[in-house]
Amino acid sequence: MAMSNYQEMAIAKALNAGLRKAMQRDDKVLVFGEDVARLGGVFRVTEGLLDEFGDSRIFNSPIAESGIVGTAIGLAMRGYRSVAEIQFDGFVFPAFNQITTQLARLTYRSEGFQQMPVVIRIPVGGGIGAVEHHSESPEAYFAHTPGLRVVSPSNPNDAYWMIQQAIESPDPVIFLEPKRRYWQKGPVNLDTAPLPLHSARMLREGTDLTLIAHGPMVATALQAAELGAEEGISIEVIDLRSLSPVDYPTLLASVQKTSRVVIAQEAPNNVSLGSEIAARIAEQAYYYLEAPVIRVGGFDTPYPPAKLEEEYLPDADRILEAVDRVLAY
Amino acid sequence: MTPATEPMLQLLAPDGSYGVEKEYSRYGEVIDSLGEDQLKTFYRDMARIRRFDQEAIALQRQGQLGLWVPAIGQEAAQIGSGYAVGKNDHIFPSYREHGVAITHGVELMSILKMMRGVNHGGWNPEETRFHLYAIVLGSQVLHAVGYAMGVKLDGKVGTGDLDNDLAVISYFGDGATAEGDVSESLLFAAVNEAPIVFFIQNNQWAISSNITSQTKVPLYRRGEGFGVPGLRVDGNDVLACYAATKIHMDEAREGKGPYLLEALTYRIGAHTTSDDPTKYRDEEEVEYWRQRDPIARFEVFLRRQGVEEDFFEEVAVAGDELAKDIREQTFALPKPPLESIFDNVYSDDHPEINAQRAWLRAYEDQMGGHE
């Protein structure tokens, strides 16, 4: 480990470095979307790439999300690997048809003649005091769609490596970036990928309970585990990293050890990724469970106005309240 | 909006007489360069695709196909434009382009397989350069534009090397022009100066909705606000369709940017075999367009050119043989293997797909096997 080349950077910078690496490695990698070129995107994730790679590799698209994804599909048919940025989570829906009826199915429809190596980057989640449509957690729509892969990094090292792995995938990848954590710093190992793209990772070992989270909720989950430890509760934290497919072997190994599970997410709980994971744990680890699996999520409402988001978003206290309920069984 | 009041490229009048108006002389020159063999090929394939279409309707009526999508009446638009597409060009069809398909080596049985429910597509779009049918209206037009953007990035536009350069053509109907994806396609093509021709077959009916409920401005002008010029062509005139597509695909390949062609034609049959057009349109209107039939018109032209009766007899015999052949082949189509459900959902390995495949195999074994 001492030999590895580490660098401290924020998630946004790590994504930028990962994109740069992918573009250097393969000149078929293109980056486009709204305002990605000179501005570097509204979160500056693509900053500086225009100067290095020029406007045939990175360019601004018209403000038309269906067009962005639809042309990415055509470019994939021509042998390009597109990284398309959707500016905010709430703006992906004009592209929903192209993503679900075309991008996700063309390999199936063509009996494997056409691969779809397209990455769709979407900043997701709340917590930045934004106006409506800038704080959504749409992962369940995409995880529900066969043919798509869905991933979400929670820290700079994963951001750096997972964006490169997503670009290398021959399948379409929905890449959900934890918007409110863009400026969170951490060490990035520039030499070695931590894990394959679709692996979950145990971030903190514990014995009393398994706490599962992804993307922006991972930091909150780690905070809850820290507070729990002060109260003598040993919480094991697992970062899903991949939302479709989910790395169930890693989850089930933890559940077999702790027998108790809380799932934390920003999305409304109804028919959510957490719902699916709870069902799968019930199906596959029933005899290991000492308590029902509890989900801590957003409420089943539209995302509220920013002045109420602090109360809407699950925080460490809300997670610990659920932990207490699970431990009471 | 009366179709007849708009300017339109027509080389072959409904009575089969040939003439070139002065403003369209460059289109006429394209036809001057065609030999008798090429003209015969147009006729042979128009007749072939109509016979195929009639047989497919019969197969559907007998329960052998889940659905059929007739293209009767649109043969000139499809065969004429299809033969004008160059050897490196790519074609992005909607789902009624059976005529275009045969001009680029797509097996007719591949189309029937799809309509029988054996697969969702199943020809190789890289080999044929004829991409898969798109059922979500307008979806393929964006793919075509993206492909054309890629062609331009590859430097395969306007080099003057005809073995190198290529362009893209995307087919869609009057109904699809209402879709947002078509407007976005025109915009993306225009700002990227993409090498593409948008080929609208205006058959005047989107299931039961007449063209008057789909647009207030003639469709050949739809691209103007996006910076895409257009031309209306008589879609029942195979020569006009060939000449217009040839010239504008050549120009796209040369780097002149996108262009839009509206082929004004008519859907003689139903939208699909599930449709009943007698509920929403008058027989008089259908009869008016039957009198403008693209194949009959071209036959008159060919006979005046001196093509002899034995050619037409030979085509008719070939049609009967084709009908018999596809009937037999359709009956013989095997059900796909059960586990192919799981094939190509992903290109890379996927644990959920693997697990479900294994489960189904075990379940079938336990139930005594599938086939």
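This briefing covers domain organisation, chain contacts, helix packing and backbone features in a predicted model. The domain assignment divides chain A into domain 1 (6-189) and domain 2 (201-327). Chain A also touches chain B, through 33 residues of chain A and 34 residues of chain B.

**Domains of chain A**

- The C-alpha centres of domain 1 and domain 2 of chain A are separated by 26 Å. To the contact between them, domain 1 of chain A contributes 27 residues and domain 2 of chain A contributes 21 residues.
- On the side of domain 1 of chain A that touches domain 2 of chain A, at least two residues each come from helix H6 (139-143), strand E6 (149-151) and strand E7 (173-178) of chain A. H6(A) provides the largest share of that side, four residues.
- By residue class, the side of domain 1 of chain A that touches domain 2 of chain A holds eleven nonpolar, nine polar and seven charged residues.

**Contact between chains A and B**

- With 33 residues of chain A meeting 34 residues of chain B, the elements giving two or more residues to the chain A side are H3, H4 and helix H5 (106-109) of chain A.
- H3(A) gives the most to the side of chain A that touches chain B, namely nine residues.
- The side of chain A that touches chain B comprises twelve nonpolar, 17 polar and four charged residues.

**Packing of H3 and H4 in chain A**

- Helix H3 (residues 65-77) and helix H4 (residues 96-103) of chain A pack at an angle of about 25°, and their axes are 8 Å apart. Because angles under 35 degrees count as roughly parallel, H3(A) is roughly parallel to H4(A).
- From H3(A), the residues A:Ser66, A:Val69, A:Gly70 and A:Ile73 take part in the contact; their partners in H4(A) are A:Asn97, A:Gln98, A:Ile99, A:Gln102 and A:Leu103.
- The contact of H3(A) with H4(A) is made up of four nonpolar and five polar residues, with no charged residue.

**Helix H9 of chain B**

- Helix H9 (residues 238-253) of chain B has 16 residues, and at 1.5 Å a residue these should span 22 Å. The C-alpha atoms at the ends of H9(B) are 22 Å apart, in agreement with that expectation.
- Of the 16 residues of H9(B), 14 are buried, so this helix is largely enclosed by the rest of the structure.
- Just after H9(B), B:Gly255 adopts a positive phi of about 100°.

**Backbone features in loops of chain A**

- The peptide bond joining A:Ser244 and A:Pro245 is cis, with omega about 0°. A:Pro245 belongs to the loop between strand E12 (242-244) and helix H9 (248-258) of chain A.
- A:Glu111, a residue other than glycine, has a positive phi near 55°. This residue is placed in the loop between H5 and strand E5 (118-124) of chain A. A:Glu111 has 18 other C-beta atoms within 10 Å and is partly exposed.
- A:Val271 is likewise not a glycine, yet its phi is positive, at about 55°. The loop that holds A:Val271 runs between strand E13 (261-268) and helix H10 (273-284) of chain A. With 13 other C-beta atoms within 10 Å, A:Val271 is partly exposed, since a residue counts as exposed if 12 or fewer such atoms lie within that distance and as buried if 20 or more do.

How values were computed: Residues are numbered from 1 along each chain as its sequence is written. Chains are lettered from A and ligands numbered from 1 in the order in which they are written. This is a predicted model: local features need pLDDT of at least 70, side-chain atom pairs count only at pLDDT 80 or more; totals for chains, interfaces and linings use all residues. The expected span of a helix is 1.5 Å times one less than its number of residues. Axes are lines fitted to C-alpha atoms, for helices over the stretch in contact, and angles run from 0 to 180 degrees between N-to-C directions. Angles under 35 degrees count as roughly parallel, over 145 as roughly antiparallel, 65 to 115 as roughly perpendicular and the rest as oblique. Two residues are in contact if their C-beta atoms, placed from the backbone, lie within 7 Å. Ala, Val, Leu, Ile, Met, Phe, Trp, Tyr, Cys and Pro count as nonpolar, Asp, Glu, Lys and Arg as charged, and the others, Gly among them, as polar. Domain bounds come from an automatic or database domain assignment.
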